[in-house]
Amino acid sequence: MRFFDPFADFDRFSQFARTGGFMPMDVYEHDDEFVVKFDLAGINPDDIDITVENQMLTLTVERPVEDTEGVNWLVRERPSGKHSRQLRLGAALDAGNIDASYDQGVLTVTIPMREEAKPQRISVKAQQPALT
């Protein structure tokens, strides 16, 4: 049983920069890791920048502006340009061992819990009765 709120560990995602609904994400916990998945369709993996500084994870991507000179736009919802999103990592998370992978437009960032933050079982030792 855990006594902490995983969303509080992420500072309830209140520290983020986001534009135009770009980079929707899902977050879940599995086997003492937090997994964050970002939808980044059409982004080249070489254009993804992930940094961690002072427990702040920053994801920055850039989608180039399409050369569409002379077209008559009917709908334009796909954002272009530089976009970023930040997540404040709680003290229970191991910012030094983050892993990231990209597959079919989905960036998966895996953040393990620190060993000392994982639940631990404490053994109880029985006292021997005192001899009188």
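1. Two strands are said to pair if DSSP finds at least two bridges between them; strands (E, at least two residues) are DSSP runs, numbered from the N terminus. In those terms, Asp-26 has Lys-37, in β2, as its bridge partner. The strands concerned, β1 and β2 (residues 33-39), pair in the antiparallel sense over six bridges.

2. The model is predicted: local features need pLDDT of at least 70 and side-chain atom pairs count only at pLDDT 80 or more, whereas totals for chains, interfaces and linings use all residues. Residues are numbered from 1 along each chain as its sequence is written, and side-chain values use heavy atoms, with hydrogens and water left out.

3. The pairing of β1 with β2 belongs to an open sheet of four strands, ordered β1-β2-β7-β6 and antiparallel in its pairing. Its edge strands, β1 (25-30) and β6 (99-103), each pair on one side only. From one strand to the next, the twist averages 20° (axes are lines fitted to C-alpha atoms, and angles run from 0 to 180 degrees between N-to-C directions).

4. The partners are Glu-66 and Arg-78, whose closest N and O atoms are 3.1 Å apart. Because both residues lie in the loop between β4 (56-63) and β5 (81-88), the pair ties together parts that are 12 residues apart in sequence.

5. How accessible are the two partners, Glu-66 and Arg-78? Glu-66 is partly exposed, at 44% relative accessible area, while Arg-78 is exposed, at 54%. Here buried means under 20%, exposed over 50% and partly exposed in between, with a 1.4 Å probe and protein chains only.

Note on methods:
Salt bridge = Lys/Arg side-chain N within 4 Å of Asp/Glu carboxyl O.
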